[in-house]
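I open this notebook to keep track of what I look up, entry by entry. The structure itself goes in before my notes.

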Amino acid sequence: MNTATITWQSPSNIALIKYWGKHGTQLPNNASLSLTLSQANTTTSLALKKKKKKTGIELDFKFEGKKNEPFAEKIATFLTSLIDELPFLNEYALTINSENSFPHSAGIASSASAMSALSLCLLSQHMITDKREYKPEQFYQKASHYARLGSGSASRSVYPDFALWGKSAHVKAGNDKYAIQYPNKFSSDFNDLQDSILIVNEKEKAVSSRAGHALMNNHSMAKQRYVNAEARMKDLLSALTKGDWDLFCTTVEIEALELHALMMTSNPSFILMKPGTLEIIERVRRFRLETKIPVCFTLDAGPNVHLLYPYFEKKKVRNFIQEELLEFCTKKKIIYDSMGSGPQLRIDD
Ligand code: DP6
């Protein structure tokens, strides 16, 4: 017996306050806050076929139409860890197809969109086949929880606009086990916040997230890092509420540079910025000073630059990007992204 095919499209996100360092079962060492994107996303479909015997996970996985063993193994491990919570995983053979809206080599983190899309599919199938009911808020909370077990940053991808993951003295509803949608009202200045991703280098990351987080375990600056992350969370929340662009830009940039400072000073040490990254940073700061236009940068654990700016300055900033920053982008690659409205579901019989 086959069931309906469930398809979820789920976005990537960029952290403004970074998750860096974890403990226990994928629990973050500090709270993080991210912008949900709209253009960079993963579409995953999950179809089920009843098995005769309960034989554990049976998976046929394809990424962009082709078999992909490393991804399939990662997913099988993830699914095995969920068998007790999702009984249907034992009873059905799974066919999973997944594709990204962005090239795999673009240097954009895909685990957030991939793991959130898969978790949403799993939970939707669980509701149908295991006959469970969840109210929307519970549904997204549970999906975020599963996504977190797959990849920490994925927990934040199930919500629109801004998402927050982890306990913080500044957010009552903050929780280490799942992310929540940004709990306060943010200034309309941040509606449709723009994120242009300048691809300085499209090679695979030099350090995997897992190895990266582990670098924090014995880091000489770890204690101070977590104090700083809390203080910056407070500043960012205040900037978002008040529409304070100066505070927003300062907070987001220092946070990104601290992430890299931590990587540079860990053992082993990693320098992930490239000369082009630094050129872009300098030019962005000069442009902001000269024009008073609030454009700032953030970075992931890699060399590519996310430029953040308000929707109402889109035209001027895009001209600046084209005229002054394009030369530092490999193959002139830029992804013009912006605040997204969260995941979307499709059900096909
Ligand atoms: C620098 O979520 O990729 O992008 O939980 O090991 O899968 P795992 O790590 P991952 O780490 C993301 C680190 C970061 C900051 C962030 O997104 O908050």
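**Ground rules.** I am reading a predicted model, in which local features need pLDDT of at least 70, side-chain atom pairs count only at pLDDT 80 or more, and totals for chains, interfaces and linings use all residues. Residues are numbered from 1 along each chain as its sequence is written, and side-chain values use heavy atoms, with hydrogens and water left out.

**The ligand.** I first looked up which of the 16 residues around the ligand come nearest, and found Tyr19, Ser151, Gly152, Ser153 and Ser209; a residue is near when one of its heavy atoms lies within 4 Å. By class, I note 4 nonpolar, 7 polar and 5 charged residues in this shell, where Ala, Val, Leu, Ile, Met, Phe, Trp, Tyr, Cys and Pro count as nonpolar, Asp, Glu, Lys and Arg as charged, and the others, Gly among them, as polar. Helix H5 (residues 209-214) gives the most to the shell, with 3 residues; helices are DSSP runs (H or I) of at least four residues and strands (E) of at least two, numbered from the N terminus.

I then looked up distances from ligand oxygen atoms to polar side-chain atoms, and found 2.7 Å for serine 151, 2.6 Å for serine 153 and 3.0 Å for histidine 213. The protein covers 93% of the 460 Å² of accessible area that the ligand has on its own (Shrake-Rupley method, 1.4 Å probe).

**The cores.** A nonpolar core is a set of buried Ala, Val, Leu, Ile, Met, Phe, Trp, Tyr and Cys residues joined through side-chain atoms within 4.5 Å, and buried means under 20% relative accessible area (1.4 Å probe, protein chains only). In the largest core, of 36 residues, Phe88, Leu89, Leu94 and Leu122 touch the most other members, and helix H3 (residues 111-129) supplies the largest share, 6 residues. Apart from this core lies another of 34 residues, among them Ala31, Val171, Leu237 and Met339.

**Isoleucine 199.** I found isoleucine 199 in the loop between strand S10 (194-198) and H5. Its C-alpha lies 7.9 Å from that of proline 303, although the two are 104 residues apart in sequence.

How values were computed: Polar contact = N/O pair within 3.5 Å; in protein donor to acceptor, adjacent residues only side chain to side chain. Buried < 20%, exposed > 50% of the residue type's maximum accessible area, 1.4 Å probe, protein only.
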